[in-house]
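Subject: Structure for your review

Dear colleague,

Please find the structure below, followed by a summary of what was found in it.

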Amino acid sequence: MKLTIMSGGCCYNGKDAKDEKGLLSNPRRNRGCTDILVFLIFVFFICGLIFLGAFSLSKGDPFRLVYGTDSFGNTCDEDNSERIIAGVRHSGRNLKGRPHLFFMNIKEPDTSMRICVNKCPENDIITPRDLFDFSQQTGSLLCRYDIDLSVYDVANRSIHGPCPLLPIYKSESLLNWCIPRELVEIEGWLENNIANNVIAYINKSNIFQKVLRDLYASWNVVIALCFVAVAFSVILVLLIRFFASVVVWLMVALAVLASMVGTAFVWWTFISYKNKLDMEESLRIPLLEVDINSENAFLLFSIVTTILTVILLLILLVLRKRIIFVVALLQEAGSCVSAMPLLLIQPLWTFILLLMFFVYWVTVLAFLSTAETPTVTEQGYVLFAKHETVTYFWWFHLVGLIWVSEFILNCQSFVVSGAVARWYFTRDKSQLGFPILGTVGRLIVFHQGSVAFGSLILTLVKIPKMILEFFSKKLRSSENQCVQGCARGCCCWCVEKCLKYLNANAYTVVAISGKNFCTSARKSYYILVGNALKVLAMNCVSNELLFICKVAVMAATSAVSVIWFKSQEDLHFYAIPVLLVSVFSYYVAHCFLSVYEMVINALLLCFCEDRDLNDGSPERPYFGSKSLMAHMSECSQALNNLSKCRQRSSLEPETEPAQV
């Protein structure tokens with residue numbers, strides 16, 4: 001009985017898989033556009049992202065996160081002449097060159113007037129004459145903007161200005177705020193709880209603002225570390241290309257070494273942070289929330305990196321006898337890359353596109369987080385409240401990050417898989433032509449909808465996974481272990497990995513046959529199911545080996561980032577930049593090393609199709625090389641023997657009688 005399935009435009013008309021034999025070995029020349037509906041949805045979604053960016057640029061001001069605002073709604077170190085707030089007297093001032101926020105009375109920061117100044121006081125200011133001399137010598141005017149320097153001696157001094165209350169304590173810039181260097185030296189600091197009030201005011205600022213402030217201050221370092229990850233990835237790719245037989249074990253050793261070193265660096269950073277905070281706490285110095293969060297973040301990073309290192313060692317322990325099988329497969333992949341050397345350049349374009357999109361996404365995120373509406377208080381001060389529509393834009397922006405990133409990565413998978421399949425099923429390699437350019441052209445003209453379809457499926461899986469992971473934190477106290485297990489999103493993770501694997505093979509069929517995504521996914525599924533033992537065993541070992549290389553690049557780059565960020569004193573919550581560098585470095589390594597992963601996946605799929613169509617006789621010779629066919633046969637036989645040995649050992653009776 002034939003079954004008909006319809007889901008989201010995917011139609012299975014019950015055609016037998018045998019009717020589709022030869023679909024890969026006979027490339028379709030007269031093809032049309034595939035999955036047009038999904039492509040139109042993707043285009044409208046991109047237009048929505050552009051509208052969101054325009055809205056954020058018009059309503060937000062990311063420099064407000066970095067430098068803060070004075071009591072009149074002006075952003076420090078920025079020309080606010082185009083952002084005049086109606087009804088506020090000193091709004092719309094040009095404050096270029098005034099990056100620091102100064103309080104008229106630091107003892108009461110919540111209600112004190114704030115102004116932007118050039119420089120924080122470097123010494124105690126006791127008398128009005130000291131105030132005049134400091135402002136005249138440094139050019140840092142500590143009274144309200146409309147107060148002339150000549151009247152500093154006689155101007156009124158209060159918590160609301162126009163001049164600050166005396167004394168003014170020597171200060172330093174902390175998060176671009178002028179904070180006294182020694183809070184314990186302020187008169188009555190313990191009785192009036194002054195130090196705690198100041199620390200509480202700093203802690204009251206949004207943690208997201210502190211994170212973006214550090215990201216803005218370290219964006220050039222983050223980009224530089226991304227290129228460090230590129231260098232590590234290129235070195236590994238070249239080693240695999242020219243020294244596959246030797247470099248496999250070298251890569252394993254380097255991966256273990258890099259993971260251990262990276263884990264040691266993260267633990268060292270956590271211990272340093274903890275010792276510093278313990279010392280300050282013993283001296284009864286109030287702790288900044290940002291320092292406490294950094295300590296907790298590095299503790300979490302240390303635990304996660306330790307777990308990943310242990311998992312890595314266990315994987316190597318399990319696969320130690322099968323790694324040798326991958327060497328010949330990597331050599332065959334190297335032959336394919338030699339015939340099409342431009343395959344190694346594809347990750348570079350993917351990296352550039354991903355970097356451009358990530359920069360755009362983070363920029364819009366910074367503007368979106370400050371898309372707020374100003375409100376005026378009774379004292380004439382300005383407060384910023386969240387815009388009513390911003391809440392809905394957050395989810396749209398997050399979906400855009402996942403879908404567009406997957407689309408860019410899947411475009412690379414489509415190009416590489418299509419070029420490899422064209423190379424495999426061309427008997428006369430001299431007549432190969434330009435398979436990469438041809439595949440890129442077919443992608444742009446015909447198959448963007450299919451790539452968008454596969455990316456959308458992964459996005460729809462990732463979003464519930466993220467939601468389940470969020471609820472898992474809420475259910476930690478639950479006694480129902482089943483609920484906890486489901487909430488952790490394990491099922492979604494498994495589905496995501498399976499879909500990624502099927503998508504990569506489906507793109508190979510799309511590139512060659514010109515069919516839509518669902519038809520191609522069904523064809524690749526039948527091929528893989530019919531050759532499960534040959535494909536899955538070899539594919540798992542090769543994928544795990546390449547995953548180890550990606551982890552090695554990520555660990556090495558993260559270790560460099562910890563050392564680099566730790567030396568920068570202007571960063572206060574650099575755990576997030578380190579995390580961002582780790583994520584970016586993994587993506588960069590994935591872009592480069594996934595070339596071999598995609599080549600191997602495409603070769604295995606083409607090998608299975610080749611074995612189904614041909615038998616190696618003169619009348620029906622194989623498309624694949626003799627070395628590949630011989631190696632795959634040896635691997636299959638070895639895996640079969642290994643499986644039989646395990647079954648035989650499990651069925652052997654006990655040599656000693658059981659004790660009663």
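Which residues have the most contacts inside the largest nonpolar core? They are Leu-330, Met-340, Leu-343, Val-420, Tyr-424, Tyr-596 and Val-599, in a core of 102 residues. A nonpolar core is a set of buried Ala, Val, Leu, Ile, Met, Phe, Trp, Tyr and Cys residues joined through side-chain atoms within 4.5 Å; buried means under 20% relative accessible area with a 1.4 Å probe, protein chains only. Helix 18 (residues 575-613) gives the most to this core, 20 residues.

This is a predicted model, in which local features need pLDDT of at least 70 and side-chain atom pairs count only at pLDDT 80 or more, while totals for chains, interfaces and linings use all residues. Residues are numbered from 1 along each chain as its sequence is written, and side-chain values use heavy atoms, with hydrogens and water left out.

Helices are DSSP runs (H or I, at least four residues), numbered from the N terminus. The axes of helix 1 (residues 36-59) and helix 11 come within 10 Å and cross at roughly 130°; axes are lines fitted to C-alpha atoms over the stretch in contact, and angles run from 0 to 180 degrees between N-to-C directions. Contact means heavy atoms within 4.5 Å. Among the residues that meet are Phe-45 and Leu-49 in helix 1 and Trp-403 and Phe-407 in helix 11.

Helix 11 (residues 390-424) also packs with helix 12 (residues 435-445), at an angle of about 130° and with axes 9 Å apart. Phe-414 of helix 11 and Ile-436 of helix 12 are among the residues making this contact.

Yours sincerely

Technical notes
Helices (H or I, at least four residues) and strands (E, at least two) are DSSP runs, numbered from the N terminus. Buried means under 20% relative accessible area, exposed over 50%, partly exposed in between (1.4 Å probe, protein chains only).
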